[in-house]
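Visitor: I have a structure to look at and some questions about how its chains meet. Can we go through it?

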Amino acid sequence: MLLVNRYRPMMLILSIMAIASLLVTSPAFSASEKKPFKIGGIFAVTGPASFLGDPEKKSMELVVEQINAAGGIDGHMLEAVIYDTEGDPSKAVMGVSKLINKDNVIAIIGPSRTPTTLAVMPMIQKAKIPFISCAAGNKIVAPIDPWVFKTAQSDILAVAAIYENLKAKNTKKIGIISVGNAFGESGKEQLIAQAAGSGLAVTKSETYGAKDTDMTAQLTKIRQDNPEAIVCWGTNPGPAVLAKNIQQLGLDIPLYQSHGVASPKFIELAGSAAEGIMLPTGKILVAGLLPDSDPQKEVLNVYISEYEKKYATSVSGFGGYAYDAVKILAAALKNSNGDKEKIREAIENTKNHVGVSGIFNFSKTDHNGLSPEAFVMVKIKDGTWELLK
Amino acid sequence: MELIPWPELHAMDQSIMQEILQYLFSGITNGAIYAVIAIGFSMLYNSTDLINFAHGEFVMLGSLCMVTFFGSMHLPLVPAIILTIICVAIAGLVFERLAIRSVKHPEPIVLIIITVGASIFLRGLGMIIWGKDAYSIPSFSSHPPLDIAGAKLLSQSIWIIVIFLVASVGLQLFYKKTLTGKAMEANAISKRAAWIVGIPSKLMVMLAFGLSTAMGGLAGVIIAPITMSSYDMGTMLGLKGFCAAMLGGLGSLWGALIGGFLLGILEALGVGFVSSGLKDATAFVLLLFILYVRPGGIISSADANRF
Amino acid sequence: MNNHQTRNRICYAVFSLLIILAGYTIENPYYIQVLTFIGINTLLALGLNMLMGYAGQISLGHAAFFGIGAYGTAILTVHYNLSPWLALPAAIAAAMIVAYIVGIPTLKLSGYYLGMGTLGFGMIVNILFREWSSVTGGASGFIGIPTLELGPVSFSSGRNYFFLVWGFVLTSFIICQRIIDSRIGRALRAIHDGEKAASAVGVDTRKLKLQVFVLSAAFSALAGFLYAHLVFFISPGTFSFIASIRMVTMVVIGGMASIWGSLLGASLLTLLPEWLHAFSEFEMVVYGLILMIVMIFLPRGLTRGLLDIYERANKKNDH
């Protein structure tokens, strides 16, 4: 029965496909006299990493709006084209391809996550287009690709900050618990790799699922070796569950978290269990506590007030990655006339750029450009942050 | 092999016992959650031969409604719970009326896609209503954890187990003692026969849907204080609950209970003695094992689909 | 029968012409890439359609085979420096062997139980991709997958890859068409309509189901191979439960038991997110609604559903 009609379905489908392809391939020419600079953004605006992508998108729109209000760059307006990856590498690849080939952007900001960044990097290399990632993983800039930069602090620096604190307290044994995704895995690798250098022994390294409801089993296992500190590597909400579990089990062990939870949301989620937790964070969380002499203070205050005025939500450190990226790119666009090689060189030669996430000094051998001072250690006390030393 | 002096051996024994006890408590807490979700699956399958892939999303709805009623609006505990369950049950009824009942040819594959579509829809709806953030609410009571032989049983775990027991005894009484419950069971055994003796089959299916999603909502309510609620929390919970239901025997209330607790406890022991990275695999390895060895589940119903 | 064969030949000739035409006239690499993704998804849908549409066996874990194909070639080419063209048969063979071993106990199940068995299998394989990090690169993903090359021809350009993928699609279509038109195809449809009846008239249902399962795994692995060498990066998320569900959706929306339906389903599901982009926050809601509405009103998929509407309209005109 189905066989007889095969001719017709085929024609039907082919005609649908033809219409569909016409729809897709319809040329989108928009010849304008001003010739704005088109820059692409690609963030995990929805999906599990939306806590990164959403503020990143907002921050990018914020800077672009400001630059245009101030008359653009060399008379060129900025035009931002932003796509959503949903945190999915395939979607990121499609999005970047669209930015490069259809929208003809001259530079790309994002993606938000390490796997999506790694997935689009081969295309960036081929297209030779300036690219500033907002993801944490160190694999993005090691080995160095001439076209690839990133503004988010590497987990190397975060681990170093924690270990420095532990070393000062003469800690010898730690237990690790990390989330079972790229962020947790990369953090775990760094924690284990740097441990010996700081005189630390990792007694147990456990993982938890991003959506786990209870981690007392993992904690019970970690507790066996009586570690002097527990380091947790994950993003909200998992670490908050862990903090609660530690409190409930009555474990009297100092808990360190990663910069992945560095937002007021974490304190809200963990409640009283957040007390005493220490973590490395960009200075944005403690902008108000910084001494006036701090070079970043002014930039931070401007960003915080602008962001909170425009979006009426509290700011997080994550949007800062995109804020810095667009600012650095905008500076590089000056006198470039849209030439990609010139932009790339200008980014690579960026020196002493005071940003939200730190002070950037890019060079041929460093495409992240941040020093350990980008992180400060904070402790949660009375439901707010307290600057450590 | 070295001989371990007696007192030390004794101490080691004790610490291992304490550890195992702690794993058991962890397992029981998670197990009770899986069991409540599994009951929802089983009840629905019993009455309608349908597996609702959106069930995890109803758990999410329950959890987030609880955040709104109990966390933000500060309603007292019991009204908040009741209101949440009513809301989720209504959502379930609407889903049944608009989507499931409109299906002309209820083949499993069509129903699977429709419920998967519903789960995506509900997740999207949750994201629009509650945003992308996670929320937490305080425990139902602020007792310190119970200390039993050195292992801690969280107060919320006790709440979970008590609420779970009340719900399952309530359901059992409903099925066995009330006319409506008996009618539902009759309808589950044979729609046609039930129809002949005058049981409104459509109403029974709707009721089953309402009850099942209400159980999903209840699961959401009890886990809201121990975990963080967000729009995307449902999928994994739904799948785990599903494994529990299969493990115990799809369609059986007590099967769901046994399956849930077994899964929870084995997961916790797996973390303790195998690897925490493979924790999520436990559920699915068990699922395959039971399907291959005894596809009807531990409490085997007569008509396991296998030949 | 002869008539039917001629028609088929015309169909495939038109189809190949369209591929060549598209490949040479479309200039923008982005559209070429979208069409290449559609080709890969078509292979996925086609394999699963053989299993679901023709043999009537559901699988909610087919992304596992997609992953085995991708990880297979990634591991062999990067860790063992094997040529991708040797890795291709190896990866496909690996998927087929796994399918055979898993298929023996799993295909004894039916209905929801079969769905669950395959779902569990898919989840376990995905967890292995994530946890076996020394081999698979773990959750961070696998980088550095090489470009395909065949003698002087490099498949690094979008156009060459487009032709490679669609060449595989066309070959697969013809293979599947042959199978469907053969004795095996008739036996398969007998299983679909009623397994017990089929075995009563002498069809070895167990063997046949297993064969189709293995075949569909091979198509998925081929798609995985093509995906890995297109994107050069793979991570476990691409082969998750959601991916399996997407594959099933392609088959069901496009139309079960229809080769062209696989093409339609794959095209729609690849393009739909592009179109839904405009809805931003509401994207998920709209996507879910579309799935539900299509299944409620056109439970046999768009191909059959639209044809039914068309035929009904024709009948009215005749009266």
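Guide: What follows is a short chat about two interfaces in this predicted model.

Visitor: Start with chain B and chain A. How many residues does the contact take from each?

Guide: Chain B gives 35 residues to the contact, and chain A gives 29 residues.

Visitor: What area do they bury between them?

Guide: Chain B and chain A bury about 2,700 Å² between them, with 50% of it on carbon and sulfur atoms.

Visitor: Why talk about area at all?

Guide: The accessible area lost when the parts come together is often used to give the size of an interface.

Visitor: Okay. How many salt bridges are there between chain B and chain A?

Guide: The count is three salt bridges between chain B and chain A. In one salt bridge, the side chain of A:Asp54 meets that of B:Lys132, at 3.4 Å from N to O.

Visitor: New topic: chain C and chain B. How many residues are in contact?

Guide: Here 40 residues of chain C are in contact with 50 residues of chain B. The area buried between chain C and chain B is about 4,200 Å², and carbon and sulfur atoms give 81% of that.

Visitor: Which three residues of chain C supply more of its buried area than any other three?

Guide: C:Tyr112, C:Tyr113 and C:Met284, which supply 21% of the area that chain C buries against chain B.

Visitor: How many salt bridges and polar contacts this time?

Guide: The count between chain C and chain B is zero salt bridges. For polar contact, the count is three residue pairs, both residues at pLDDT 80 or more.

Visitor: Which helix of chain C gives the most to the side that touches chain B?

Guide: Helix 5 of chain C, with 12 residues. Helix 5 spans 111–131 in chain C.

Visitor: And the classes on that side?

Guide: The side of chain C that touches chain B has 29 nonpolar, six polar and five charged residues.

Note on methods: Residues are numbered from 1 along each chain as its sequence is written. Chains are lettered from A and ligands numbered from 1 in the order in which they are written. This is a predicted model: local features need pLDDT of at least 70, side-chain atom pairs count only at pLDDT 80 or more; totals for chains, interfaces and linings use all residues. Side-chain values use heavy atoms; hydrogens and water are left out. Contact means heavy atoms within 4.5 Å. Buried area is the accessible area (1.4 Å probe) that two parts lose on being put together, summed over both. A salt bridge is a side-chain nitrogen of Lys or Arg within 4 Å of a carboxyl oxygen of Asp or Glu. A polar contact is a pair of N or O atoms within 3.5 Å; within protein, one must be able to donate a hydrogen and the other to accept it, and residues adjacent in sequence count only if both atoms are side-chain atoms. Helices (H or I, at least four residues) and strands (E, at least two) are DSSP runs, numbered from the N terminus. Ala, Val, Leu, Ile, Met, Phe, Trp, Tyr, Cys and Pro count as nonpolar, Asp, Glu, Lys and Arg as charged, and the others, Gly among them, as polar.
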